[in-house]
Amino acid sequence: MLVLGGFLWRSEREKAALRRTVEAAWERAFASLSSDMTQIDTALKKLRLSSSPALMGQAAAEVWSRAEDAQQSLSQLPFSGWLLEDTAAYLGKLGDYALALSRRAYQDALGAEERQNLGKLGDMASTLNARLLELQAELDGGTLRLGRLGGAERALPQGGGVVGGVVAGTG
């Protein structure tokens, strides 16, 4: 009985340590996602306000790079299913659109339609960024745990809506 009790105690300790390690990895991925979204939001604002082709190309390339990083971080989170598909789709389409704009920015100035699209995408990025920062504060404060899938997943913002209409046909 004593040996069995010791084995169970040790097993529970190892399980708890593993759970803490996994949750720490999730929290790092979420912090990275939040940081990438902040940088995307800033780069989109720079892109919309830039008049220099070089600065526009640089800002668009940064949006593309950060969108790729954000998608990677999102994929490391313990969520799945339809709830995050819109956010992942938003990041993918945003990255593709930014890459196309970065190539185009060096050839000629962005037109009114591109600037309008950037405004809509920027508004979505700002909204998504604000919600991620709120969630990061909740994680830091201990009121939200990524290990509790149901509540945390429902709390995550969705990135869809505006993307389909903005990016459709720009590929």
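User: Where does S73 sit?
Analyst: You'll find S73 in helix α2 (helices, H or I, are DSSP runs of at least four residues, strands, E, of at least two, numbered from the N terminus). Heads up: this is a predicted model, where local features need pLDDT of at least 70 and side-chain atom pairs 80 or more, while totals for chains, interfaces and linings use all residues. Residues are numbered from 1 along each chain as its sequence is written, and side-chain values use heavy atoms, leaving out hydrogens and water.

User: Is S73 buried or exposed?
Analyst: S73 counts as buried, because its relative accessibility is 5% (buried is under 20% relative accessible area, exposed over 50%, partly exposed in between, with a 1.4 Å probe and protein chains only).

User: Which residues does S73 touch, skipping neighbours within four places in sequence?
Analyst: S73 is in contact with A29, S32, L33 and D36 once those neighbours are set aside (contact means heavy atoms within 4.5 Å).

User: Which side chain does the S73 side chain make a polar contact with?
Analyst: That would be the side chain of S32, at 3.0 Å. A polar contact is a pair of N or O atoms within 3.5 Å; within protein, one must be able to donate a hydrogen and the other to accept it, and residues adjacent in sequence count only if both atoms are side-chain atoms.

User: OK, zooming out to the helices. How do α1 and α2 cross?
Analyst: Helix α1 covers residues 2-49 and helix α2 covers residues 53-75; their axes come within 8 Å and cross at roughly 160°. The axes are lines fitted to C-alpha atoms, for helices over the stretch in contact, and angles run from 0 to 180 degrees between N-to-C directions. So α1 and α2 are roughly antiparallel to each other (over 145 degrees; under 35 is roughly parallel, 65 to 115 roughly perpendicular, the rest oblique).

User: Which residues of α1 and α2 meet?
Analyst: From α1, the list includes A29, S32, L33, D36 and I40. On the α2 side, S73 is one of them, and M56, A60, V63 and L74 are also among them. By class, the residues of this contact divide into 13 nonpolar, three polar and five charged.

User: What about α1 and α4, at what angle do they pack?
Analyst: About 150°, with the axes of α1 and α4 8 Å apart. These two are therefore roughly antiparallel to each other. The contact of α1 with α4 has 16 nonpolar, seven polar and five charged residues.

User: Which residues does E114 touch, again not counting those up to four places away?
Analyst: E114 touches Y97, L101 and R104. E114 is found in helix α4, residues 112-141, and is buried, with a relative accessible area of 15%.

User: And L101, where does it lie?
Analyst: L101 lies in helix α3, residues 82-105. It counts as buried too, at 4% relative accessibility. Beyond its neighbours within four places in sequence, L101 is in contact with L47, A60, L110, E114 and L118. The C-alpha atoms of L101 and M56 are separated by 8.2 Å, and these residues are 45 apart along the chain.

User: Last one: how many helices and strands does the protein have?
Analyst: Six helices and zero strands. Of the 171 residues in the protein, 39% are buried. Among contacts with a separation of 6 or more, 78% come from residues 24 or more positions apart.

Key
Ala, Val, Leu, Ile, Met, Phe, Trp, Tyr, Cys and Pro count as nonpolar, Asp, Glu, Lys and Arg as charged, and the others, Gly among them, as polar.
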